[in-house]
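Biologist: Please bring up the model. I would like to go through it with you, one question at a time.

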Amino acid sequence: MDLLAIAKKIADRVEAESSRVNVPVSVSVVDTHGNIVLEHRMNGALAFSMELSQQKAYTSALVQVRTADICQMVQPGQALYPLMSQGRFCAMGGGAPIDFEGKVVAGVGVSGGTVEQDVAILEGALLGV
């Protein structure tokens, strides 16, 4: 498995999907330890979008759940609430784990639009991957 090749393919698909909807974004891919594999910020993407895309990728890689699906799990009194006190975790939609042969090998994060736009761009990019 070539994780960089997978990350490049996903980043290309994210860029194509974001161009289609005219929302410039940043995309980050991290391995399961949270190490950056790839970062890409499109022209016009907001400056802070890179940091948010990293946090979304990190969260989805380590928790192995789409960030859009963990909002309820990080509320006070819930199982993952303590994660929110850690600076690198993010419960905003736009992050997803990346599976290879049935095993999570990385996480991807997209940021730059509204949460709904980030989720739609990510979902569109991951179709068929």
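Modeller: This is a predicted model. Let us begin with V65, which has a relative accessible area of 23%.

Biologist: Is V65 buried, partly exposed or exposed?

Modeller: Buried means under 20% relative accessible area, and exposed means over 50%. V65 has 23%, so its class is partly exposed.

Biologist: Where does V65 sit, and which residues does V65 touch beyond four places away in sequence?

Modeller: V65 is placed in the loop between helix 2 and strand 3. The C-alpha atoms of V65 and P97 are 6.1 Å apart, though 32 residues separate them along the chain. Leaving out residues up to four places away, V65 touches S60, I70, M73 and P97.

Biologist: What span should helix 2 have?

Modeller: Helix 2 covers residues 49–63, which is 15 residues. The expected span is 1.5 Å times one less than the number of residues.

Biologist: How many residues of helix 2 are buried, and what do they pack against?

Modeller: Of the 15 residues, 11 are buried, so helix 2 is largely enclosed by the rest of the structure. Among them are M50, L52, A57 and Y58. The buried residues pack against strand 1, strand 2, strand 3, strand 4 and helix 3.

Biologist: L62 lies in helix 2. Is L62 buried, partly exposed or exposed?

Modeller: L62 touches T32, H33, G34 and F89, leaving out residues up to four places away in sequence. The C-alpha atoms of L62 and F89 are 9.2 Å apart. The relative accessibility of L62 is 33%, so L62 counts as partly exposed.

Biologist: How are helix 1 and helix 3 oriented to each other?

Modeller: The axes of helix 1 (residues 3–20) and helix 3 (residues 115–126) come within 8 Å. They cross at roughly 125 degrees. Angles of 65 to 115 degrees count as roughly perpendicular, and those over 145 as roughly antiparallel. Helix 1 and helix 3 are therefore oblique to each other.

Biologist: Which residues make that contact, and how many of them are nonpolar?

Modeller: Helix 1 gives I10, R13, V14, E17 and S18. Helix 3 gives A120, I121, G124, A125 and L126. By class, two are polar, two are charged and six are nonpolar.

How values were computed:
Residues numbered from 1 in each chain as written. Predicted model: local features only at pLDDT ≥ 70, side-chain atom pairs only at ≥ 80, totals over all residues. Heavy atoms only, no water. Axes fitted to C-alpha atoms, helices over the stretch in contact; angles between N-to-C directions. Helix = DSSP H or I, 4+ residues; strand = E, 2+ residues; numbered from the N terminus. Parallel < 35°, antiparallel > 145°, perpendicular 65-115°, else oblique. Contact = heavy atoms within 4.5 Å. Nonpolar A, V, L, I, M, F, W, Y, C, P; charged D, E, K, R; others polar. Buried < 20%, exposed > 50% of the residue type's maximum accessible area, 1.4 Å probe, protein only.
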